[in-house]
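Please read this briefing alongside the sequence and the 3D view.

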Amino acid sequence: MDSSNDIVIDTPMDMHLHFRQGKMMELVAPLSAAHFAGGVIMPNLVPPVDSLERLQAYQKEISSACKNHVFSPYMTLFFRSYTEAELLAVKNKIIGIKLYPAGATTHSDQGVNSIAEAEATISLMQDMGIPLLVHGEDPEGFVLDRETLFLPNYADLANRFPDLKIVMEHITTTGAVSMLDQYENLYATVTLQHLMITLDDVVGGLMKPHLFCKPIAKRPEDKDSLLEAALNAHPKLMFGSDSAPHPIHEKECCGCAAGVFTAPIALPMLVELFHHHNAIDQLQAFVSDTARKVYKIEPTRKKVRLRKETYTIPSQFGNVTPMNAGCEISWKVI
Ligand code: DOR
Ligand code: ZN
């Protein structure tokens, strides 16, 4: 906080983002780029970003959508079996490769059916220093247990590939938080919604499609563990919004798509949350410094200033409804 009572964040980073393509990207990418200095862009397009050619085309589209902002997109490839030559060609253009278990979430049909089938490529990634980002859910398990059932895979990978940097994406459970302290090469991202809500908020009263995502929000004690780690700026936990826009007709329907759209509210709400818990001094690390250290990246620096000013979150941005639409929020990016 500076003398004006504003809060200034140096180079805020969103380490898990869905930008989509086309009109949707034109709508959502500038909203992230206005508040953040950079972010990790997920590859689950249709078809997935799984070649150098598609990666470069996608990056071009992103640069054009963000052209009015200082924003460094960090690209990911969709995990499949890659040859050494393919990885060598793409290595300097990506921050990591994102592994999805097949069927675990939106556009993951081409993910892996078993970790065993992924090992040869994972081993090459370790040799080349390419981080592995993982959607850690066992899609066959009971929905509340899917992350917990996946945790032994993380332990196994961490043990067998000790030089591989593994990022457990969007963790939601106490068990996942404790893995951070058990395995040196495990890191994690956590979303805004998983720091704020439980399953009760999604389905405990009237059903809230705009809070439905994968992995689903869990129990109060899980949320408390995540929040405690974030508020204490755990040195291996990074902010990654997993902002996942879907058009309103795909959310407010029978068979609602998974994804919570938080891009335009994530930073102000993080300030509100950390301020509320008297932890504002830890936010800089959680939303920037830790990520820059973990990934050893140097995005173009940018300071983002927030002022205490109450306003109402719009009910829609284009055809997408944000989390907490219509609610008041007391910090604004200026
Ligand atoms: O809820 C989610 N939505 N979870 C994911 O892992 C993917 C995302 C999406 O792409 O919509
Ligand atoms: Zn995601």
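**Cavities and zinc site**

The lining of the largest cavity is made up of nine polar, four nonpolar and four charged residues. The model is predicted. The largest cavity has a volume of about 120 Å³, and 17 residues line it.

**Largest cavity**

- Among the lining residues, those closest to the centre of the largest cavity are H18, T105, T106, K214 and D242.
- H18, one of these residues, is also a donor of the zinc ion (ligand 2).

**Zinc site**

- Along the sequence, the spacing of the donor residues is H-x1-H-x223-D.
- Both H16 and H18 are buried.

**Other cavities**

- The count of cavities of 30 Å³ or more is three.
- The second largest cavity has a volume of about 50 Å³.
- Its lining consists of H210, A244, P245, H246, K251, G259, V260, F261, V320 and T321.
- By class, five residues in the lining of the second largest cavity are nonpolar, four are polar and one is charged.

Key:
Residues are numbered from 1 along each chain as its sequence is written. Chains are lettered from A and ligands numbered from 1 in the order in which they are written. This is a predicted model: local features need pLDDT of at least 70, side-chain atom pairs count only at pLDDT 80 or more; totals for chains, interfaces and linings use all residues. Side-chain values use heavy atoms; hydrogens and water are left out. Donors are N, O and S atoms within 2.8 Å of the metal (3.2 Å for Na, K and Ca); water is not among the atoms, so sites may look incomplete. Buried means under 20% relative accessible area, exposed over 50%, partly exposed in between (1.4 Å probe, protein chains only). On a 1 Å grid over the protein atoms alone, a cavity is a set of points where a 1.4 Å probe fits but cannot get out, and a pocket is an open set with protein on both sides within 12 Å along at least five of seven lines; lining residues have an atom within 4 Å of a point. Grid points are joined across faces, edges and corners, and a volume is the space filled by probe spheres set on the points. Ala, Val, Leu, Ile, Met, Phe, Trp, Tyr, Cys and Pro count as nonpolar, Asp, Glu, Lys and Arg as charged, and the others, Gly among them, as polar.
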